[in-house]
Amino acid sequence: MTLKEKSDIYIGHFLAFLMALMLLSVVWQVFTRYIMGEASDFTDELARYLLIWIGTLGAAYISGQKMHLAIDLLPEKLSGKANYRLNVVISLFIMVFALFVMIIGGSRLVYITFTLDQASASLQIPLAYVYSILPISGLLIIYYKVLDIMNLKMDKSPGSKTVE
């Protein structure tokens with residue numbers, strides 16, 4: 001089993017755990033609101049922060065699975081070296097975006113919220129923990145894109161039928 005396959009399994013299981021936790025939070029919210037008559041204080045905020053983590057980490061995971069949305073008109077029309085170069089350029093653009101926006105920008109956001117000691121209203125957890133998923137997901141996206149480029153190089157090797 002490769003490192004990518006192992007990391008895919010761990011990330012997939014972690015995302016499933018987060019979704020189960022969010023489901024329990026929402027069910028508890030509904031139960032306390034309609035059955036007990038008074039809504040729980042923390043469940044709305046917990047579900048919101050779990051959704052942020054699931055959405056951001058899930059986007060990185062899906063990017064690594066090559067299941068993300070993409071406009072593939074140009075890659076379908078290209079073949080050989082042109083298709084290879086286009087895929088490398090696309091991966092590089094994604095890596096630059098992940099580096100500057102998610103890792104650098106996300107790290108700054110985490111640092112600012114940590115320095116200002118901002119905490120969530122109900123849970124009283126530092127918001128830096130909530131926002132820490134941005135640089136983590138950025139690193140994960142770069143990891144997956146480096147693997148994609150390495151796999152493209154393997155496909156370009158002599159005797160390969162996929163790239164001419």
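## Threonine 32 and its surroundings

A polar atom in the side chain of threonine 32 sits 3.0 Å from the backbone nitrogen of serine 40. Keep in mind, as you look around, that this is a predicted model. Threonine 32 belongs to helix α1, which covers residues 3-35. Leaving aside residues up to four places away in sequence, threonine 32 touches Gly37, Glu38, Ala39 and Ser40.

Is threonine 32 buried or exposed? Its relative accessibility is 5%, so threonine 32 counts as buried, the cut-off for that class being under 20%.

## Methionine 19, also in helix α1

Helix α1 holds methionine 19 too. With a relative accessible area of 45%, methionine 19 is partly exposed. Along the chain, methionine 19 and proline 126 are 107 residues apart, and 21 Å separates their C-alpha atoms.

## Helix α2 and the residue after it

Next, have a look at helix α2, made of 22 residues (43-64). From first C-alpha to last, helix α2 reaches 31 Å, close to the 32 Å expected at 1.5 Å a residue. Just after α2 comes lysine 66, with a positive phi of about 60°.

## The largest pocket

How much space lies in the largest pocket? The answer is about 410 Å³. Its lining has 14 residues, and those closest to the centre are His68, Ala70, Asn87, Ile90 and Lys145. Two or more lining residues come from each of α4 (80-115) and α6 (133-155).

Helix α4 gives the most to this lining, with 4 residues. By type, the lining of the largest pocket divides into 7 nonpolar, 3 polar and 4 charged residues.

Terms used:
Residues numbered from 1 in each chain as written. Predicted model: local features only at pLDDT ≥ 70, side-chain atom pairs only at ≥ 80, totals over all residues. Heavy atoms only, no water. Buried < 20%, exposed > 50% of the residue type's maximum accessible area, 1.4 Å probe, protein only. Polar contact = N/O pair within 3.5 Å; in protein donor to acceptor, adjacent residues only side chain to side chain. Contact = heavy atoms within 4.5 Å. Expected span 1.5 Å × (residues − 1). 1 Å grid on protein atoms, 1.4 Å probe; cavity = no way out; pocket = protein on both sides within 12 Å on 5 of 7 lines; lining within 4 Å. Points joined across faces, edges and corners; volume = space filled by probe spheres on them. Nonpolar A, V, L, I, M, F, W, Y, C, P; charged D, E, K, R; others polar.
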